Amino acid sequence: SSVSLKRARSTPHPHNFSGGGEPSCVSMKSDRSMPHPHNFSGGGEPSCVSMKSDRSMPHPHNFSGGGEPSCVSMKSDRSMPHPHNFSGGGEPSCVLLWLFVLMMFMLLRLVLIRQHSTQRALQINTLADIHQPVDDVLRRVLDRHKTSMKNKYESLFEGIKTVENKTLLNRIYTQLYIIEGESEGVNEEHEVLQMEKTSRRQLQDSAINCLDIFKTLQELRSVLTKGIAGIGKTVSVQKFILDWAEGKANQDVDLMFVLPFRELNLIKEDQYSLHGLLCDFCPELKDLDPKIYDQLKAVFIFDGLDESKIPMSFKQCEKVTDITMTSAVGVLMTNLIKGELLPSALIWITSRPAAANQIPPTYINRVTEILGFSDPQKEEYFRKRISDEDEAKRIISHIKTARSLHIMCHIPVFCWISATVLMQIMKQHHTEIPKTLTEMYSHFLLTQMNMKNEKFEKKKRRNPKDLLKSNRTILLKLAELAFKQLMKGNVMFYEEDLRESSIDVTEASVYSGIFTEIFREECVLYERKVYCFVHLSFQEFLAVVYVFHCYESNNMEELQIFKPQYSEWSQNVPLDEVLMEAVNKAVESQNGHLDLFLRFLLGISLESNQRLLQGLLTPTPINLETPIEHIKRLIKGSENKQHHMSTERSINLFLCLSEMNDQSISREIQQYLNSERHSEVKLSPEQCSALVYMILNSEEVLDELDLKKYTTSEEGYRRLIPALTVCRKACLTTNSCEKLSSALQSVNTHLIELDLSNNDLQDSGVELLSAGLKSLQCKLETLRLSGCMVTDEGCSSLASALKSNPSHLRELDLTFNHPGESGVKLLSDLLQDPHFKLEKLQMDHGGKIRMNPGLKKYAVDLTLDPNTMNSFLSLSEGNRKVERVLKAQLYPDHPDRFECSYQVLSVESLTERCYWEVQWSGFGAAISVSYKGIRRKGGSGHCEFGYNKLSWSLDCSNNRYSVCHNKQETVLPAPSSPCNRVGVYLDRGSGTLSFYTISPNTHMLTHLHTFNTTFTESLYAGFRVYYPDSSISLCEIRMETDHL
C-alpha cells in the first residue's frame, strides 16, 4: 500500500461499510466543489465508498434502476435544498442505507470543518489502520530524523573518527563570538591577518548566539556566516543542529539538512532531484511524500562554500521549482538559494571570507561573522581542555606573555595545537617553551611524531632528530602536497590532488591513520574520501618545509614561483635571495594569501629552528642580514611611492621580523613614542601601521594620544585611528569619520575626550560620527568639533544622537562653525533639559566665513603698524607691504619703533584662531609672531624675532627654511619645489603656531613646522626684511563661501 501524509490537526475515523462484498478502497478528500451529482444505477454489490467534504452540492442524488446500488458517495454540504428521490425498483434497504449515509455525512461534515482550519491536508490511500491520527505517523518520521541528526552531531572527533577520539560536543563546547557582518565588500586578505586584526578590532554592541542565527526583528530567509579556517563555523552548525535535535532550541523547525560542499563536490557532475538528494543524505525520510516539504519548516545548511567546486550561475540558471525535477547539483543549489525551489525554506551558508562573494548580496538577508574566541573564552577553552587546574593556569599565563601566540588563540584550532604542545613541554623541564609561531608549529610536529611513535611502535620518547629522520619520506610527501595545493588555494584534497604529489589513496589512508592530528581523511557521501590538514596554517608550515627541501635538493623548478619576472634562477642562487624575493611576492599579494607562509619561511631560516627540524631538513647557513634590511626598508617606506603597502602587509612584515628575533623596528618605534619631537620625523603609512600595532598590543591605556603632533600623510593618519580605543584623551587630524564611529562603539574603548577641531568633517562627517555617539558603548564625555564646517544640519544629527544616548556627553565645543539660529536652539534646549548630562555648550565665533575649507575659515585682515617700523623699511599697498630700502626714512620718534632691527609689527592683535598668508621676495625674510613687550632699542638678540623668549620666527631664504625661538634654531628640510609664499596659523587656545609653504600652482599647503607652547600675552604678526630690494607682502585670501 502507499501512504501519502499531509499535516492535519485531526483525522476522522473511517467508516466500515458491509454489504454484498468488502470495499476495496477508502478515499477521503476535502474539496470545495463537486459539480456533478453521483449517479447510482444498476445492480450488484457496492464496490467502493467515496467520502468527500464539499461546501455545495447543487443537485440531489438520484438513485435509479433496479438492483443493489453499486456505489455510495458521501459529501458534506451546507445545504441540501431538495429531498432525495428514489425511483425504480429495489429493496427498501436502500432507504435505510441512505439514512445511514446522511448520518455519516453530517458526522464527517463536523470533522472536516475542524480540518479546514489547518493548511496541511491529509491523504491516505490504504486500508491499514486508518483510525490512527496521521499527525502521529508524521511525528514518528520527524522524530526519527531528529534522533538521526542527534546521533550524527552530538560528538566531536580529534583526529580520525574512532571511539577513543570521541568527545561529546556539549562537554567541551565554548561559545564563539559572532557579530553582524557586512553584506557587501568581501574581505579577501589572509585569514590569520584578519584574525589578528580581529584581536584589536572594535567589537560591536552585542554578540549573536549561533542558536539565534535566524532570529531578528525582520523576517529572514537566508544567512551567510563568514569566518576564517578553523574559527568554528562547522562546530557552530553542529551546535545549532544538536540543540534543535535535543529539543533545546528552534523547535518551530521540522527538518534540518546539512549539505557540506566537500561532499556535494563528489556528485557535481551527476543529475539529481532535490528529493532524491535529500533521501541520500537522510535515508530516514524516504517515506515522506515529496509534496509535504512545502508544508513543513525546513532549514538547509550549506557548509563550506569556500570548498565548493560546483558551478553556480545566478544570472543564467535553469529554473527549478519542483523537488522531484531532475537537474545538475549546481542548478539545485542555485534555485534553493534564490528561493525558486522551496521558497519557504531557510538557508544558512558558511564560508571563509575570500569565497563569500560567490553568492550575490541580493540573495542574502543577513551576514554574520565568527570572530573566534574572545580573551575570556580562550581561558575557558583551556580550562575545559586541560583537567589539571594548575597546569591550565601555567599554560594560560605563558600564552599571555607571548603576544603573537595569544592573538592566534582566537582560532579554536590553534588553542588545541597550543594545548597539545604545551601540555607535553611542561613535562620536559629541559625544553624551552616556544614563543613564536614557527617554534610552536615545529614542536607540534615533534609532538605528533612522538605520539605516533608511542602508539604504533610501542617505543618510548626518541631523539627528535631520529624521530623526524624515520618519518622523513612520508612527511616530505605531505609537504609537497601542502605546497602544491597551497599555491592553488586548495585546503581540501581529492584523489586527483593526491596523485599529483605521488600519493595514492591507500597511502593517504595510512597517513591519516598514523598522523591523525596532522593529516585527516573523511568518509563522506557514498563512502568516498576527502583529505585535509588539521588547519590551513599547518598546511602553510609544511609547505615551507617543502621549500627548504627543494632548495637542499637543487629542485629550483618548484621555486621559480618566487623569482622576479623576466629572470631565471640558476642552481646556485643564494637562499637569502630566495627569501627576499618571497618577501616581494607576499607584499604584492592583494589578499595576503602568502603572509603566514612568509612568516614560517623566515622563521625556519633561523638556525635555532633548523636545529629543531634536524632529521627532516639539513641545516643551511643563511645570511639573514639581507632579508632583514630589505624588510626594514619596506616598512619605513618612501613618501615618493605612488602606492603604499596595505596595513595588513605592513603589520605582517613587522611580525616577520619578530619571527626572526629582530626587534630593531620595535625599539625605533618605542623611542619615537617616548620622544617629544614627533613633528621632526615624518612617518610612512607602513610605519604608522607598525606603530598602531605596538600601541594596541601593549595592553596599556594611554592618558593622552595627540596625533596632531605626528607628521605623516592622510593615509598615515587614517591608519593611526584604531589606537584611539586604548587612550582616554585623543586629538587627531582626519576625515575618516566612519572609522571614528566604529572606535566610539568599541566595547573595550577607554576614550572619554576627543578633539577633532580643524577637520573639515562637514555635516556628512558629523552624521557618521553621531552613529557612534548613539551607541550605549560610547563613553565620550567631551567632544570638540571646533572649526569643522558644521551647519544646522550637523547640529540636528548631534541632537538626535544625544537623545538616543543622553547619559554620557558633558561638554560639546562647536565654536567656529555656522550652526545658524536653528542649530543653536536645538542644542541649547538640550543644555536646559535635566534629562541630559550636557553641562557645557560652546557655539561662539560662528558665521558664514567658517564654511571655508581648511585654514581659510580663520583668515584675518592684517595691516602693518608704521609706528613700529624700522627707519630702513618702507610701507606701501595700504600698509600691507614692507620693503627694505638703502636710505633711512624720516619717521617721527615713537617708543614702539624698532631702532636697530629691520622689523615691523601688525596693528591688529591676534586673538583665538588666526590665519594669514605672506609672500616674500629678494634674498631673505623672517615671518614671526611676537608679544608686544619685545624690546625695541639696541642691537642685541633681545630685539630680533626668534632670539628671545617673547617671539617665534620662521626664516626664509633661497628655498632654505629654519625656525627659531629663544635662540634655539632648527634647520628644516627643504621643500620639494621652490616656494616664496608662506601660510601662518595661530591657535592661541591650544598653544600652537604652525608654518606652511603654499604651492604657487595648486595652492596646496605643506606643513613646515609647529611650535607648541602656552601663550600668556597678546600676540602680533611680525616681519623682518634682511637685505635691500627684499620685501614682504600680506596676501589677500580668496574665500569660497559666495555660494552659501
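First, the ground rules. Residues are numbered from 1 along each chain as its sequence is written, and side-chain values use heavy atoms, with hydrogens and water left out. Since the model is predicted, local features need pLDDT of at least 70 and side-chain atom pairs count only at pLDDT 80 or more, while totals for chains, interfaces and linings use all residues.

Now the overall picture. The protein has 31 helices and 39 strands. Of the 1044 residues, 54% count as buried. Buried means under 20% relative accessible area, exposed means over 50%, and partly exposed is in between, with a 1.4 Å probe and protein chains only. Take the contacts in the protein with a separation of 6 or more: residues 24 or more positions apart account for 71% of them. A contact here means heavy atoms within 4.5 Å.

Eleven of the 13 residues of H5 are buried, so the helix is largely enclosed by the rest of the structure. Among the buried ones are Phe-240, Ile-241, Leu-242 and Trp-244, but also Lys-233, Lys-239 and Asp-243. After H5 comes Gly-247, with a positive phi near 80°.

Next, a pair of helices. H25 covers residues 664–674 and H26 covers residues 685–696; they pack at an angle of about 80°, with their axes 10 Å apart. The axes are lines fitted to C-alpha atoms, for helices over the stretch in contact, and angles run from 0 to 180 degrees between N-to-C directions. H25 and H26 are therefore roughly perpendicular to each other. For the cut-offs: under 35 degrees is roughly parallel, over 145 roughly antiparallel, 65 to 115 roughly perpendicular, and the rest oblique. Which residues of H25 and H26 meet? From H25 there are Ser-666, Ile-669, Gln-670, Tyr-672 and Leu-673, and from H26 there are Gln-687, Ala-690, Leu-691, Met-694 and Ile-695. The residues of this contact divide into seven nonpolar, three polar and no charged. In that count Ala, Val, Leu, Ile, Met, Phe, Trp, Tyr, Cys and Pro are nonpolar, Asp, Glu, Lys and Arg are charged, and the others, Gly among them, are polar.

On to the sheets. Two strands pair if DSSP finds at least two bridges between them.

Asn-758 sits between strand S23 (753–755) and helix H29 (762–774). Asn-758 has a positive phi of about 70° although it is not a glycine. At 25% relative accessibility, Asn-758 counts as partly exposed.

The other sheet is open too, with seven strands in the order S27-S28-S39-S30-S35-S36-S37 and antiparallel pairing. Its edge strands are S27 (873–876) and S37 (1005–1012), each pairing on one side only. The twist averages 20° from one strand to the next.

Look at S30 in this sheet. Is S30 mostly covered or mostly open? Mostly covered: seven of its nine residues are buried. Seven bridges join S30 to S35 (residues 981–987), running antiparallel, and Tyr-915 stands opposite Tyr-985 in S35. Four antiparallel bridges join S30 to S39 (residues 1031–1034), where Trp-920 stands opposite Ile-1032. S35 in turn is joined to S36 (residues 992–998) by six bridges, again antiparallel, and Gly-983 stands opposite Tyr-996 in S36.

Glu-912 lies between strand S29 (903–910) and strand S30 (913–921). Its phi is near 50°, a positive value in a residue other than glycine. At 37% relative accessibility, Glu-912 counts as partly exposed.

Key
Helices (H or I, at least four residues) and strands (E, at least two) are DSSP runs, numbered from the N terminus.
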